[in-house]
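Here's a quick tour of a fold, with a look at how two of its pieces pack together. Have the viewer open as you read.

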Amino acid sequence: MEAYIIDLWNTYVSDWGYLILFLWSILEGELGLIFAGLAAHTGHLNVFLAIFIAGLGGFVGDQIYFYIGRFNKAYIQKRFKNQRRKLAFAHLLLQKYGWPIIFIQRYMYGMRTVIPISIGLTRYSALKFAIINLISAWVWAAVTIILAYIFGDYILQLLEWFKNKPYIFIALLIVFAGGIFYYFEIQTKKVDKKIEQLQKSLKEKPNES
């Protein structure tokens with residue numbers, strides 16, 4: 001799917017770049033923003049309009065996930081049966097950090113879908129979520145696109161270098177994915193322990209009374 005979008009982007013960026021960017025931002029994220037920054041760098045897109053549209057796309061994507069959780073709780077419990085630890089982890093993050101977790105969840109690989117859904121499952125204010133979500137989406141788009149725009153020449157050179165040495169790119173990708181997997185394995189184990197402690201304390205309370 002992503003390879004298809006990249007091909008579309010390269011072919012139609014001059015005519016349909018903003019529409020593709022909007023849809024891409026709904027579905028995924030950083031890669032589309034980097035491409036948008038590079039397109040702005042080469043003069044195919046306006047950098048400020050790209051930020052505005054990409055932010056709207058990211059906002060719409062998270063709003064969809066939020067309302068999936070808000071109005072489809074039975075479906076989520078069934079569909080995400082194998083991701084209960086991530087949902088529990090997201091709930092703990094919201095309880096511990098409050099609204100800032102909505103702001104930074106875009107940078108949390110592996111949790112970007114789960115966190116909006118898990119917040120939707122709670123009684124968290126839909127309006128408050130939408131406002132924070134919109135601001136964070138524009139900040140997220142601005143930071144990524146502007147960096148790609150400023151360092152466009154270096155990024156294009158790096159991509160060309162990786163094209164000639166794909167094995168290095170694959171090795172770096174494996175190391176990165178391994179680090180992410182290890183982090184979430186450690187975090188989800190901590191979540192499991194907290195859930196077990198909570199369940200234990202709930203079982204002990206009737207005996208105390």
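Buried here means under 20% relative accessible area, exposed over 50% and partly exposed in between, with a 1.4 Å probe and protein chains only. On that basis, 36% of the chain's 209 residues are buried. Keep in mind that this is a predicted model, where local features need pLDDT of at least 70, side-chain atom pairs count only at pLDDT 80 or more, and totals for chains, interfaces and linings use all residues. Numbering starts from 1 along each chain as its sequence is written, and side-chain values use heavy atoms, with hydrogens and water left out.

The chain has ten helices and zero strands, taking helices as DSSP runs of H or I with at least four residues and strands as E runs of at least two, numbered from the N terminus. Of the contacts (heavy atoms within 4.5 Å) with a separation of 6 or more, 77% join residues 24 or more positions apart.

| Helix | Residues | Residues in the contact |
|---|---|---|
| Helix 2 | 30-41 | Glu 30, Leu 33, Ile 34, Ala 36, Gly 37, Leu 38, Ala 40, His 41 |
| Helix 8 | 126-150 | Trp 140, Ala 141, Thr 144, Ile 145, Ala 148, Tyr 149 |

The residues of this contact divide into ten nonpolar, three polar and one charged; Ala, Val, Leu, Ile, Met, Phe, Trp, Tyr, Cys and Pro count as nonpolar, Asp, Glu, Lys and Arg as charged, and the others, Gly among them, as polar. Helix 2 and helix 8 pack at about 45 degrees, their axes 7 Å apart; axes are lines fitted to C-alpha atoms over the stretch in contact, and angles run from 0 to 180 degrees between N-to-C directions.
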